[in-house]
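Please keep the model open while you read these notes.

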Amino acid sequence: MRRVGQQSRGLIETLHTVQEAFGYLDETALRYVASSLRVPLSRAYGVATFYHFFTLKPAGEHTCVICLGTACYIKGAGELVDAVKQDLGISPGETTANRRVSVLSARCLGSCGLAPAVVYDNEVAGKVTPEQLRQQMAKWNPHDA
Amino acid sequence: MTPEELEHIAQTEHDAQAEISQTVSVCVAAGCISCQSQSVKDALDREIISRGWGSRCRSKGVGCMGLCAEGPLVSTGNGTLYKGVTAADAASVLDGLGAEPVERLLCPTDVPFFQRQKKIVLENSGVIDPERIEEYIAASGYHGLIHALTEMTSVEVIEQVVKSGLRGRGGAGYPTGLKWSTVSKAVGTQKFVICNADEGDPGAFMDRSVLESDPHRVLEGMLIAAYAVGASEGYIYVRAEYPLAIKRLKIAIRQAERFGLLGPNISGTRFSFRIDLRLGAGAFVCGEETALIASVEGKRGTPRPRPPYPAQEGMLGQPTLINNVETFANIPPIIRNGGEWYAAIGTEKSKGTKVFALAGTVKNTGLVEVPMGITLREMVFEIGGGIPNERQFKAVQTGGPSGGCLPSECLDMPVDYESLARAGSIMGSGGMIVMDESSCMVDVAKYFMDFCMTESCGKCIPCRVGTYQMHRLLDTITKLHATPEDMALLEELCDLVKNTSLCGLGQSAPNPVLSTLRYFAGEYAAHIQQNRCLAGVCGKGAHV
């Protein structure tokens, strides 16, 4: 916050930093940021919920981001989403009840040459098939656990 | 920095490069990194050291070489390009230096994919190390800036840009020179230059590649623009989803500051300029300029009515120049070679080249730069190599969610702003997605409508409610329950949303529907009258 000069202009930068440090933005963090930058809490909350990148809930142990960009969609990203739904019972944006895996969707990773693409814990994998995705999910979330 | 100092740095770098007789370039842009190109580079480094070749051979990381589908790509100079290289191949690659190239890894470069391109924006991509300013300077980098600062007035700079005929590469194609002169004439206590690197179109990754492969080029373009319009502060609004681009931009800004190319009194003149990064946070609408400004100011990214245009009242109410990454990347060569040189490339109304991200069901996916006026057929079948798996071409989609789908009848149309607009699509930022017969056009239209519906900021009602209703209708059609009345309503809504929305997002949201209705009416009819999907996609209820 000192870096952005305690200015309300730096709200988005500050929220990025907080999310990077804590993984998500909870009420305490939002209240603190809002009062430090002297903006109404409503504005901090408004900004945090307006942008997709910010999350108000903690993520699971592992994250799996499925790209739903046009190229990936054409090449079968929809089947990947279906595979996750079947296996884990969750849709993009949700976390399994045991907090092991969060599944997210992305608008486009810019890796269209590798469509369909999936990001497993910050590692991009290209040309993913539903079977590969299922195997990875089973590794992260074993049925006996 | 004086012109002589710049020349000296370039010369020193040339000499250093001449001492190394063999350079192995490994692509370290996002596409190849995700195929583990970094481990290939590490393996090459280890192998070079263990062979004791350190003094005459080195590996270097370079930007995107274009053919992203075949990564990781490795080039050993003299037109030898290897594809799909793994860490285990490091020894073979080094064995091939100065001898016969390794046959099994060879990627032919005498094919249209490479031969038909004309590289201006991407001239350094895949050639220089994006993390070293010296290499950019050695490749004539910052020469345009120093030339402009020391020998040209700001009016002369704008004149050259006007002469070049360059038009905004963000999609709408507004003449860049005109925008610059508006901002330069506008009155304000301070002026800003903003680089729009919020590449939100799904299926487009040109800006990302430019930022990752040649970040200094964008900084130089912004500096020249700032000098021309009289700005002292600049922002690059870049997507948080592009960590590698952010990292390289930060390195580039630091290096430029150290070399005195950014900061106070650049090159001993009165011109001072600083650049800050602003991270986007995943909102498509922030590509719209007034929404982008709101976001840079730390607010929710909602657009406001124009006029006043940002050129008059933008950031903090001051005159603001906003251009796209690719637009700025075109500036240094224009200043170096003159506006007339640039105007000689392309068509009458669309000058220069355009970078496209070619993706979808086409053999060669990747990044290509072609002169304006090339036909879609050349793009898809020569450069793209045609459709894999012996399927039939169905459509090519340009311009992302704001663009349209063009059928095979349009293949011989030249790619320029006017022709694409006449055909019901737009140039857009450069996403080009090829679809084969297995794609259902109604489903594709629904996909884009879903995108616009989710990304609508909610400020104006035609867009917020209209996109929702259109999505609902398209959903009914893809579930094969629609009636002819639904079709009539959909067409009416297209017209309404297009003409009454506040910003570009809403105004262009109906484009995918309108273009598919225009060229693929038969598919809609089949869904409604015969309750079947010609591509066999819809009705299973499986998709997003």
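**Notes on the predicted model**

1. Start with one pair. Glu455(B) and Arg107(A) join their side chains in a salt bridge, 3.7 Å from N to O. The term means a side-chain nitrogen of Lys or Arg within 4 Å of a carboxyl oxygen of Asp or Glu. Across the interface of chain A and chain B, the rule finds one salt bridge.

2. A word on the basis. This is a predicted model, in which local features need pLDDT of at least 70 and side-chain atom pairs count only at pLDDT 80 or more, while totals for chains, interfaces and linings use all residues. Residues are numbered from 1 along each chain as its sequence is written, chains are lettered from A and ligands numbered from 1 in the order in which they are written, and side-chain values use heavy atoms, with hydrogens and water left out.

3. How much area do chain A and chain B bury between them? The figure is about 3,700 Å², with 58% of it on carbon and sulfur atoms. Buried area is the accessible area (1.4 Å probe) that two parts lose on being put together, summed over both. Chain A brings 34 residues to the contact and chain B brings 58 residues; contact means heavy atoms within 4.5 Å. On the chain A side, Arg9(A), Tyr73(A) and Arg107(A) lose the most area to chain B, together 21% of what that side buries.

4. Chain A has six helices and five strands. These are DSSP runs, numbered from the N terminus: helices are H or I with at least four residues, strands E with at least two. Along the sequence the pattern reads α-α-α-β-α-α-β-β-β-β-α. The C-alpha trace of chain A spans about 50 × 35 × 20 Å along its principal axes.

5. Now a helix pair in chain B. Helix α11 (residues 215-229) of chain B and helix α12 (residues 243-258) of chain B have axes that come within 9 Å and cross at roughly 55°. Axes are lines fitted to C-alpha atoms, for helices over the stretch in contact, and angles run from 0 to 180 degrees between N-to-C directions. α11(B) and α12(B) are therefore oblique to each other. Here, under 35 degrees is roughly parallel, over 145 roughly antiparallel, 65 to 115 roughly perpendicular and the rest oblique. The contact residues of α11(B) are Pro215(B), His216(B) and Leu219(B); those of α12(B) include Leu249(B), Ala252(B) and Ile253(B).

6. A second pair in chain B. The axes of helix α19 (residues 461-478) of chain B and helix α23 (residues 521-529) of chain B come within 8 Å and cross at roughly 70°. That makes α19(B) roughly perpendicular to α23(B). Leu474(B), Ile477(B) and Thr478(B) of α19(B) meet Tyr524(B), His527(B) and Ile528(B) of α23(B).

7. Two prolines deserve a look. A cis peptide bond joins Gly71(B) and Pro72(B), with omega about -5°. Pro72(B) sits in the loop between β2 (57-62) and β3 (74-77) of chain B. Another cis peptide bond joins Pro307(B) and Pro308(B), with omega about 0°. Pro308(B) is in the loop between α13 (289-296) and β8 (320-324) of chain B.

8. Asn122(A) lies in the loop between β4 (118-120) and β5 (123-125) of chain A.
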